[in-house]
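Please have a look at the model before reading on.

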Amino acid sequence: MNILGLVLFALVLGVALKKLGSEGEDLIRFFNAFNEATMVLVSWIMCSATLPSMMKCIEENNGVDKRISRFILPIGATVNMDGAAIFQCVAAVFIAQLNNVELNAGQIFTILVTATASSVGAAGVPAGGVLTIAIILEAIGLPTHDLSLILAVDWIVDRTTTVVNVEGDALGAGILHHLNQKTMKKGEQELSEVKVEAIPNCKSELETSPLVTHQNPVVPAASVPELESKESVL
């Protein structure tokens, strides 16, 4: 159960495969394909999960823009698992007290950092944060077999952590929607206040395009009687 050692070995192995160049491409492609297949499985599981229901409630009940909710919520469902982080910290402290282990400041700081990192990497599915508690227990030197005590009550505790996770995601989407609406209203107000000062051109009615020509000149009405009088005299 040396999970931290496995994570460190995986990082070093990735660097080593990258340094091999073309010789390590086959194994890199294998791990990439394995990762993509795992993500597909997780996406299938996340459909019986809270993401679709959360999107529907936030868009229909709270009136958040779909472009914002469908950008923020999938990220929050995977990364912003603050409820799981709180649960992992409490579970680690509970197991420490159960074994009569007094945690020092360094161990408490390790719990905080490890719980935050593991909650980001945990799957957004029911009971997804239970197994990551083993990472915290290994980091502070506590026995991992006590994890079975957490599994007994996880079915009810997981519902409370999900509420905290969903509330945090919804709050983030609501804040971003409010800031977006505020920015849009400010832009519309600035556009409505734009004034154009123009001086009327009195000669505009007499001006015509130079491309327009008149074959028969227009005779003013005042000159018509004069022409008639001249014709009568002649």
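## The largest pocket

Helices α1 (3-20) and α2 (25-46) each supply at least two residues of the lining of the largest pocket. This is a predicted model, where local features need pLDDT of at least 70, side-chain atom pairs count only at pLDDT 80 or more, and totals for chains, interfaces and linings use all residues. Residues are numbered from 1 along each chain as its sequence is written, and side-chain values use heavy atoms, leaving out hydrogens and water.

The largest share of that lining, six residues, comes from α2. The lining of the largest pocket consists of A10, L13, G14, L17, I28, F31, N32, F34, N35 and T38. By type they divide into six nonpolar, four polar and no charged (Ala, Val, Leu, Ile, Met, Phe, Trp, Tyr, Cys and Pro count as nonpolar, Asp, Glu, Lys and Arg as charged, and the others, Gly among them, as polar). About 490 Å³ of space lies in this largest pocket.

## Two helix pairs

Two packed helices are described by the angle between their axes and the distance between the axes.

| Helix pair | Angle | Axis distance |
|---|---|---|
| α5 (residues 82-98) and α7 (residues 133-140) | about 45 degrees | 10 Å |
| α3 (residues 51-60) and α4 (residues 66-78) | about 145 degrees | 10 Å |

Helices α5 and α7 pack at an angle of about 45 degrees, which makes α5 oblique to α7 (angles under 35 degrees count as roughly parallel, over 145 as roughly antiparallel, 65 to 115 as roughly perpendicular and the rest as oblique). The crossing of α5 and α7 is right-handed. Their contact (heavy atoms within 4.5 Å) joins F87, Q88, A91, A92 and I95 of α5 to I133, I136 and L137 of α7. Seven of these contact residues are nonpolar, one is polar and none is charged.

The crossing of α3 and α4 is right-handed. Here L51, M54, M55, I58 and E59 in α3 meet K66, S69, R70, L73, P74 and A77 in α4. This contact of α3 with α4 has seven nonpolar residues, one polar and three charged.

Key:
Axes fitted to C-alpha atoms, helices over the stretch in contact; angles between N-to-C directions. Helix = DSSP H or I, 4+ residues; strand = E, 2+ residues; numbered from the N terminus. Left-handed = near helix turned anticlockwise from the far one by under 90°. 1 Å grid on protein atoms, 1.4 Å probe; cavity = no way out; pocket = protein on both sides within 12 Å on 5 of 7 lines; lining within 4 Å. Points joined across faces, edges and corners; volume = space filled by probe spheres on them.
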